[in-house]
Amino acid sequence: MPHRTRPMASLLVFLGVNAVLLTTISPVYDFVCFLPYWDRRRERRRKEREATLMKESE
């Protein structure tokens, strides 16, 4: 082989990268999921749904 393989080092690098990704995904997830945009969108859709139900009941 032209170079030495280092399975332990590659395993540690792999686990380190996964640990970094795991710790950074939580704030990103919270930022995306709890934006006020989603609350406003949910409220708007609820009002639209109520308006269509009121029209249908008339």
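Arg42 and Asp39 meet through their side chains in a salt bridge (2.6 Å, N to O), a term that here means a side-chain nitrogen of Lys or Arg within 4 Å of a carboxyl oxygen of Asp or Glu. This is a predicted model, where local features need pLDDT of at least 70, side-chain atom pairs count only at pLDDT 80 or more, and totals for chains, interfaces and linings use all residues. Residues are numbered from 1 along each chain as its sequence is written, and side-chain values use heavy atoms, with hydrogens and water left out.

**Salt bridges**
- By that rule, the count is three salt bridges.
- Arg42 and Asp39 sit three residues apart in helix H2, about one turn of the helix; helices are DSSP runs of H or I, at least four residues, numbered from the N terminus.
- Arg42 is exposed at 55% relative accessibility, while Asp39 is partly exposed at 40%; exposed means over 50% relative accessible area, buried under 20%, and partly exposed in between (1.4 Å probe, protein chains only).
- Glu43 pairs with Arg46 in a salt bridge, with the closest N and O atoms 2.7 Å apart.
- Glu50 also forms a salt bridge with Arg46, again with closest N and O atoms 2.7 Å apart.
- Shared partners join Glu43, Arg46 and Glu50 into one network of salt bridges.

**Overall layout**
- The chain has two helices and zero strands.
- Its C-alpha atoms fill a box of roughly 80 × 20 × 15 Å, taken along the principal axes.
- Buried residues make up 0% of the 58 residues.
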